[in-house]
Amino acid sequence: MVDGKPLVSIVSAGLSKFGKREGLYARELFAEAVKEAFDRCPRLEPKRDVKAMFVGHMGEAYEHQGHTGAAAADWAGLLNIPATRTEAACASSGAALLSGVYAVLSGLADVVLVGGVEKMTHRSTAEVTEYLAMASDYPFEQWHGITFPGLYALMATAHMHAYGTTEVQMAHVAVKNHYHGSLNPKAQMQKEITLEAALTSRVVASPLKLYDCSLITDGASCLILTKPELARRFTDQPVHIIGAGQASDSIGLYERQSLTSLQATKLAAQKAYQMAQVKPEDVDVAEVHDCFTIAEIIAYEDIGFCRAGEGGKLAESGETRLGGRLPVNTSGGLKAKGHPVGATGTAQAYEIYLQLTGQAERRQVKDARVGLTHNVGGSGATATVHIYRSET
Amino acid sequence: MSTEAPFTIEQFYKFLAQGKLMAGKCMRCGKIHLPPRPLCDNCHGQEFAWMEISGKGTLVSFTVIHIAPQQFQASAPYAVGIMQLENGLKLPGMITGVPHEQLRIGMALTVDFGACTAAQPWPQWPRYCFKPA
C-alpha cells in the first residue's frame with residue numbers, strides 16, 4: 001500500500017487540443033488549457049486564489065516571442081501575480097512543475113498554476129530541427145551538424161551494439177503509442193500504425209526513422225497546485241504529488257560516461273522514489289519521455305521498470321501497452337499525442353491526473369492509484385521525475 | 001607545453017587550426033579537460049596547463065544524418081560519431097572517408113585537422129573531422 005506523504009496536491013488540470021493549430025499564438029493555446037483547468041474546478045476563484053505561475057517554454061525563435069511568463073499570465077487573466085518562464089529545453093514544464101512544488105512548500109504561495117506551451121508547426125522542419133538543436137551543445141555538437149534525432153541515434157546505435165536492441169523493438173514503442181493515441185481525442189495522431197509502416201518509414205538519422213521520432217506539435221498544458229491541507233477546499237478528488245526529483249548532466253552527450261543510459265533520469269528517479277517511499281513495481285501507470293522510441297526503451301531501464309539492456313524486450317512484450325502489467329504513455333506519449341516541447345512535462349502530469357481520478361475514458365487503467373511522469377531536456381542534460389498517488 | 005593562452009573553447013579551435021589537439025590539465029587534481037575549462041568540474045581548481053593529446057582513437061557510436069538543419073542540408077546524408085581518444089576522452093564530429101555502410105563501432109579513426117584554418121574569424125572556422133586511421 002503506497003501512502004506517501006503528499007508534498008503538494010493537484011486540484012485541477014487543463015490541456016489544449018494537441019496538433020497543428022493554425023492561426024493561434026502560444027498565449028492563446030495556453031488560455032485554452034487554463035480555461036479547462038478553471039472549468040474543472042468551480043470552487044477555485046482564480047483571481048483571488050492563484051498566487052504565482054511558472055510556465056515552461058523552450059524557444060522564443062518560433063514566434064519571435066520571449067517573456068512567456070508574463071504573456072501567459074496576461075492571457076490567463078491572472079495579471080499582477082509573479083509569473084516566471086522556466087526553460088530546460090523539452091523538460092521546461094517538468095521544471096515548471098518542480099518550481100511550483102518548491103513555491104507551495106516554501107509557504108510563499110499556497111495556490112500555484114504551473115504549465116507550459118509551445119507553438120511550432122508554422123515553422124519548416126529544417127527550422128524546427130535547428131531550434132530544437134539549440135538544447136544541445138553548440139561548439140561541439142550543433143557546430144558539427146549533429147541534430148537532435150542525431151544525438152538519440154548515437155544512443156540507439158550504442159544501445160543496439162551493447163545489448164542487441166533491435167529496430168523492431170523500437171518500432172513496437174511507436175506502434176503501442178500510436179494505439180494509445182488513437183484512444184485520446186486530444187492527441188495529434190489518432191491513427192494506429194503497423195509495425196511494417198514504422199519499419200519502412202524514411203530514415204531521419206540512422207537507425208532512427210520517421211516513426212521513431214516524436215511529432216512537431218502546437219499545444220499547452222497546466223495544473224493547479226495547492227497545499228495538501230487546502231486541497232479539499234477546491235476539489236473532492238485531489239491527486240497528490242508524493243515524490244519529486246530533478247537532476248542535470250553534462251550538456252554535451254559526448255562528455256557522459258554512458259551512451260546507453262541517462263544518469264540524470266536515474267538520479268531524478270532515485271530521489272523521487274525515495275521521497276515517495278515507492279518502488280518501481282508500485283507504479284500503476286507512467287508517462288515517460290518518448291521523444292524517440294529509443295528514449296522510451298532507455299527510460300524503462302533508468303526508471304527501474306526493467307534491468308539495463310532489457311528495455312527493448314519490455315517494449316516487445318506488450319506489458320507496457322494498455323491492458324498490460326504497467327501501461328506506459330497511455331496518452332499516446334510524445335510520439336502520438338504530440339510534443340509541443342515546453343508543454344510536455346505538465347501534459348504528462350495531466351494524463352496521470354486523469355488516470356488517477358478515473359477520467360481517462362477509453363484509455364483508463366483499471367484501479368490506477370500510483371502514477372509516474374518522466375520528462376527529459378535535451379539529450380539528457382535535464383531530467384525530472386514526479387510520483388503521484390490518488391486520494392484513496 | 002604550458003602557454004599563456006587562455007583555457008577557452010576558442011583557443012582550443014585556434015590550436016586545432018595549427019594542427020594540434022590540445023587539452024587543459026588541472027594542476028590541482030590532474031583531470032584532463034577536452035575542451036579546456038576555466039574551472040575544474042572535478043575539484044574546482046583554477047590553475048591549468050596545456051597538453052597536446054593524440055588524435056588517434058576508436059569510434060564509440062555513429063549515425064548517418066538524413067534530415068539536416070539548413071546550413072548542413074547540402075552535405076546530407078552525412079555521418080557523425082563520437083570518438084574515444086587514446087587517453088579515454090571523447091569528442092564528437094563528422095566522419096569522412098568511410099562509406100556509410102562500413103561504419104562500425106570500434107573502428108580506428110583519427111582527427112583530421114585538414115579543414116581547420118583560422119582564415120575566418122571565430123566562430124566561423126571550418127570544422128575538424130574524423131577520418132580512417
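A: Chain B has one helix and eight strands, where helices (H or I, at least four residues) and strands (E, at least two) are DSSP runs numbered from the N terminus, and from the N terminus on these elements run α-β-β-β-β-β-β-β-β. The model is predicted, so that local features need pLDDT of at least 70 and side-chain atom pairs count only at pLDDT 80 or more, while totals for chains, interfaces and linings use all residues. Residues are numbered from 1 along each chain as its sequence is written, and chains are lettered from A and ligands numbered from 1 in the order in which they are written.

The domain assignment of chain B, with bounds that come from an automatic or database assignment, gives domain 1 (9–52) and domain 2 (56–132). The centres of domain 1 and domain 2 of chain B, taken over C-alpha atoms, are separated by 21 Å. Of the 133 residues of chain B, 35% count as buried; a residue is buried if 20 or more other C-beta atoms lie within 10 Å of its own, exposed if 12 or fewer, and partly exposed in between, with C-beta atoms placed from the backbone. Two residues are in contact if their C-beta atoms, placed in that way, lie within 7 Å, and among contacts in chain B between residues at least 6 apart in sequence, 50% join residues at least 24 apart.

Turning to the partner chain, the contact takes 25 residues from chain B and 27 residues from chain A. On the side of chain B that touches chain A, the elements that give two or more residues are strand 4 (56–65), strand 5 (78–85) and strand 6 (90–95), and strand 4 of chain B gives the most, with six residues.

Leaving aside its neighbours within four places in sequence, Tyr152(A) is in contact with Leu208(A), Cys291(A), Phe292(A), Ile294(A), Ala295(A) and Ser379(A).
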